[in-house]
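Colleague: I would like to learn how to read helix packing in a model. Please take me through some cases.

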Amino acid sequence: MKKVVSKSLFYVALISILMSVTAYAEDKTDAKKDAKTEIKPELTQAQADEIVKLVDDRQRNSGDYKSLVFVKETEKTKEPRLFQAMVYRRDGDDKFMILFTKPKEEAGKAYLKIDKNLWNFDPGTGKWERRTEREKLAGTNSRRSDFDESRLTEEYTTKYEGADKLGAYKVYKFKLSVKEGIDVAYPVLNLWVDQADKNILKREEYALSGKLMRSSFYPKWNKKFSESKKADVWIPEEIRIFDQLEKGNSTIVLIKETDLGKLEENMFTKAWIESKSK
Amino acid sequence: MTNLMVLKIAARNVFLHRMRTLVVGAILTFGAFLAVLGHSFVDGVSGGMENSTTQSITGDIQIYSENAKDKLSVFGNMDGSPTDVGHVGSFQTVEQELLKNPEIVSVVPMGTSFAQVSPGNILDHFLEKIRKSFKDPNHDLQDIESQKRRIRFLVQEIKKNLEGKFEEIGILSATEAAQAKVNLELLSRDAFWADFNDNAENKIEFMANKIAPLIFDDNMIFFNYVGTDPQMFKERFPQFEIVKGEMIPPGTRGFLFHDYFYENMVKHKVARRLDQIKKKMKDDKLTIAGSKEVQDQIKANVEQSAEVYLQLGPAETEKVSVKLNELLKSDEKDFRVLLKNYLNMADDNFQQRYDFFYKEIAPHIILYRVQIGDVLPLSAFTKGGTSTAVNIKVYGTFRFKSFENSPLAGNFSLMDLVSLRELYGFMTDERRAQNKEIEAEMGLADIGQDSIENLFAGPSDANAKPAVATAKNADSVDLNFKKRIMGSSYTQEELRNGVFLHAAIFLKDQSNMKAVIEQINETSKQNKLGIKAVSWQDAAGFIGQLTFMMKAILNIFIGISLMLAGLMIMNSLLMAAMNRKQEIGTMRAIGAHASFIYRLFFYETLFISLLFGGIGVVFGALVVMLIGKVGVPASGDVATFFFSGPRLYLHLNPMLIFVVIIVMVVIAILATQYPAWKAMKISPLQAMQKRE
């Protein structure tokens, strides 16, 4: 059992990815400040902390969010599986929803997260399953942090590891180690942050043993102005995740279309999701 | 000299040294007794296990993919994880080829894995029920009111339960605990319920999200299952029988719980403990007063009395309260105290209270978390970790006759192979085609990690900011889905044409197993079937190796005792040779050949070995025959599996007696060699010198 559940759980991973990296709001005033005080490759600890805090701050999006997402899950020796889904967030109320739209077998299935409840709906039976945080994570290597917004500054201490290059991009490389007494899925992270835009371009996640578990790459970013934030929001268009435990397994997440306008008031409800399957 | 004379002298020597003979004889008797009884017992257990295993899951031989990552172990690994054996392309092709072998009677396709069902807690249950009622346009208002009262009562019970214990829930932070108190307070006010019907959907969701998680919830049911052709499975495993409900109809998707699992894992906790206590008292003759194990179960029932009172509505509570006070001859007003008093059972009132439970309480509680006839959304993780779910109807429960209480035989529930394939995540042609469409929409090429940095080639000027596009609006997807009705049937062709994970093969004659395994492997090579065959012992993994281990340990014990006996015989013969130097020398002087001396010693040893070995064999055989009649009771559920029934009946194998006698002769021969050689070296001269 352990063996199976310790593998990347698709939905868990998907929710985790979509909840933590979908929106990087860039405050215009911050951008101006950055432009004035251009950070040089040699960073003080304070500057390093400030950059990671910026990454965190940009992920806190109080407004509504909607996107069309494609996921391709590739496993070694197996045929890839593809999904299309709509992802909805209302960060102010900590609500989150995935509504699968393709393929046909998955269409109408949904995950609805309200507080600590993760509801799972299957239109085939019309039944809802409530999974408490405890249950949902039982036996998996996922933690609560996977489902929350980015708390890098709260949970990790940052160590600047120097300037680096990722392809043509100049990046800052940070090593983040978990703070004492905090329970996270991956105690050590390596982040490659674009020097120019402060977007994460690469992220490596390590287990306590020091073993590299997962490498993620964020080659494309999109920008969208949010009325509620009065600021630009940065959205990774493409995320490529490589499973380092099971070499050859990878996931591509494509966030193709995004809308930051206000969503219907009653959207994050069972009734709304049920109404989509007739 | 004749052999008869040698025998007489040997017998005289045996009786002359009675003490020595008795000590050696006792050890030989014990060795022979142990060999007969021990081997009969191990053979009995081995046969029982073989029956339990081959008749519940493995068949005589199992086949699986020759490219499997792990070795097949149908019971999983030692840590409970399933083995990764991949899959084999087409069952029909494999079956057709294998059935050409006249030794093979049938091939039953299978796949074993695990899945889970999450029925939710008691509040989830009632909230879903009332939600459904509100959705029904012809809903009965009186029924709704009754359900509301039921829920309100339950919420009050939850509030009472948590009073002063919020911190103990563990998962709540101080802020969350404070909020939970406020929410519970809100629900205890009439205002919340006054406009319930006008705003039912929101109120129900509020309770589902804010109150239901406050109930300690361990309702997730995990279980192993075997996906197969249910009709074929029933036919090929003759001990299979339906206990509750009905058999999955032919060509229909469906699920059967193993009755042992259903009774021990799906049943209401308090009820199942009462059943277990009753069984222990009846079968194992345990008493509550005398068994700590039973006392612990009584204690657990008292501590978990909430499992009962949270499920009873206000009217039921009142009704049960009156009956309980009558039963206990008390006048307790607090139902919780009353229930605890009732559940605190003793030997003299257990049966009466047990009967009361099923008559007065069980009809008002959810006795089984999954009901026969329910359609389950059953979810599982595919090989790659992807979560999938199928909706499947529970038709009933089954068991295997004679080892119905075996947890190992009860390890697997059963479903049809078509549903298993879906749960396991095999791709259908339709899904494959849709995959292509989605892939085209995505428009992204696969890039290996080695060349991933090409994605960061970026603009030619490395200092330039990456070009950032404005995200497209997300409004182009049609969100009106047609409810996918899960196919409830399948054709035989569909079942046989698809993949399988492993399969059970039944033989005409099980003694040909080894030869058939070789033949199957050869057929696979010739016809590129991609399969390999293993015996049922190998397929049973660590369980299959248990008999081998038991036999090895037993033989070590027997070997040690016989070796000890051999050494003692040798030592005593050596002493005898030294003591009888004069006698032997004289014999040599009057013309006895060295071979005579050798025979003298050999017959002496043979006499002891056969006499005492024989006593041991006879004694062992008598005990085996006695156990063959009365049987050894299986003291627990695990023993039931090993005994393949409630008692183990031993059978005497005549071959075993023959082997033990041969072993005795071999010991005699071996133990004689050195002392006889020493004796043969004694010359008449030595005897005479000694005398002088």
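Modeller: This is a predicted model. Start with helix H1 (residues 3-16) of chain B and helix H24 (residues 594-630) of chain B, whose axes lie 8 Å apart and pack at an angle of about 55°.

Colleague: How are H1(B) and H24(B) oriented to each other?

Modeller: Angles from 65 to 115 degrees count as roughly perpendicular and those under 35 as roughly parallel. H1(B) and H24(B) are therefore oblique to each other. The crossing of H1(B) past H24(B) is right-handed.

Colleague: Which residues of H1(B) and H24(B) meet?

Modeller: On H1(B) they are B:Val6, B:Leu7, B:Ile9, B:Ala10, B:Ala11, B:Asn13 and B:Val14. H24(B) supplies B:Phe596, B:Arg599, B:Leu600, B:Tyr603, B:Glu604, B:Phe607 and B:Ile608. Sorted by class, this contact has 11 nonpolar residues, one polar and two charged.

Colleague: What about H11(B) and H16(B): at what angle do their axes cross?

Modeller: Helix H11 (residues 269-283) and helix H16 (residues 350-361), of chain B, cross at roughly 145°, and their axes come within 11 Å. That crossing is left-handed. H11(B) contributes B:Ala271, B:Leu274, B:Ile277, B:Lys278 and B:Met281, and H16(B) contributes B:Phe350, B:Tyr354 and B:Phe357. The classes here are seven nonpolar, no polar and one charged.

Colleague: And the chain as a whole: how many helices and strands does chain B have?

Modeller: Chain B has 27 helices and 13 strands. Of its 692 residues, 37% are buried. For contacts in chain B with a separation of 6 or more, 81% join residues 24 or more positions apart.

Definitions and conventions:
Residues numbered from 1 in each chain as written. Chains lettered and ligands numbered in written order. Predicted model: local features only at pLDDT ≥ 70, side-chain atom pairs only at ≥ 80, totals over all residues. Axes fitted to C-alpha atoms, helices over the stretch in contact; angles between N-to-C directions. Helix = DSSP H or I, 4+ residues; strand = E, 2+ residues; numbered from the N terminus. Left-handed = near helix turned anticlockwise from the far one by under 90°. Contact = placed C-beta atoms within 7 Å. Nonpolar A, V, L, I, M, F, W, Y, C, P; charged D, E, K, R; others polar. Buried ≥ 20, exposed ≤ 12 C-beta atoms within 10 Å, placed from the backbone. Parallel < 35°, antiparallel > 145°, perpendicular 65-115°, else oblique.
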